[in-house]
Amino acid sequence: MLNMYDFIVSQSCDFGQLKFGRQDDLFIDYICPIKEMKAKAWSHKNCLMYVVQGAKGFASMDQLHESEKGEVLFIRKGGYILFQRFKEPYRALIFMFGDEAIKSLLTEYPDLLSLDSKTKSGFMDQPEVPLLETSPYVESVFPTSQHYLKQPTSESTISLELKFKELLVNLLRDKKANAFYLYLSWISMDDQVPFIKLMKENS
């Protein structure tokens, strides 16, 4: 099974990418090089993806989503089967990030979530590859982040981390209990979050 994060990092000569944050999170201008019609893949990072061109199928145990141009997808960490569509090259702008990046933001800005959505049952019933509602706030983050790939400096790394936080904030702006919102709510229930907040306040 293909580790997508390691695979993408190893293909740095083929498409633009830049790491950001403390856990080697990644932003990629991804042009899919996979030639097989069907490929098994997994990742220990979550993905927020804007489809620039082409189509691809993402299958989990309970869901098949056929992505299309202009969609914004949230792909939870885990294993999937990828179905290739070769009518045109598949290109996407992708943030790959761990749960720690989510916890850090929610610790800093706890009001981004409302308490009434923090239920395990709500999260567990959601699809693994949900299509997210988009807006000009959300869509603008991806192409403006792409500019930093052309100047891979420490300042660009910091800027990418801020763009990622901007994306999360804008996705949570409407406080709708969709799959992405419920996943972040579930992550925020981790017992370590109050401890991290306490350490930051006393450092």
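Helices (H or I, at least four residues) and strands (E, at least two) are DSSP runs that are numbered from the N terminus. The model is predicted, so that local features need pLDDT of at least 70 and side-chain atom pairs count only at pLDDT 80 or more, while totals for chains, interfaces and linings use all residues. Residues are numbered from 1 along each chain as its sequence is written, and side-chain values use heavy atoms, with hydrogens and water left out.

**View 1. The protein chain as a whole.** The secondary structure of the protein chain comes to 7 helices and 10 strands. Of its 203 residues, 46% are buried, where buried means under 20% relative accessible area, exposed over 50% and partly exposed in between (1.4 Å probe, protein chains only).

View 2. Asp24 sits in the loop between strand E2 (17-20) and E3, and its phi is near 55°, a positive value in a residue other than glycine. With 40% relative accessibility, Asp24 counts as partly exposed. Lys175, in the loop between H5 and H6, likewise has a phi near 55° and is partly exposed, at a relative accessible area of 37%.

**View 3. The two sides of helix H5.** Helix H5 (residues 154-171) has 18 residues and reaches 26 Å from its first C-alpha to its last, close to the 26 Å expected at 1.5 Å a residue (the expected span being 1.5 Å times one less than the number of residues). Its buried residues are Ser156, Leu160, Lys163, Phe164, Leu167, Leu168, Asn170 and Leu171. They cover an arc of only 165° around the axis, which puts them on the same side of H5; the arc is that of the directions from the helix axis to the C-beta atoms. The face turned away from this buried side carries the exposed residues Glu155, Ile158 and Leu162.

**View 4. The buried face of helix H4.** In helix H4 (residues 136-146), the buried residues are Val138, Val141, Phe142 and Ser145. Seen down the axis of H4, these residues fall within an arc of 90°, so they line one face of the helix. They pack against strand E3 (25-31), strand E5 (46-53), strand E8 (72-75), strand E10 (91-97) and H5, with contact meaning heavy atoms within 4.5 Å.

**View 5. The contact of H2 with H6.** Asp99, Ile102, Lys103 and Leu106 in H2 meet Tyr183, Leu184, Ile187 and Ser188 in H6.
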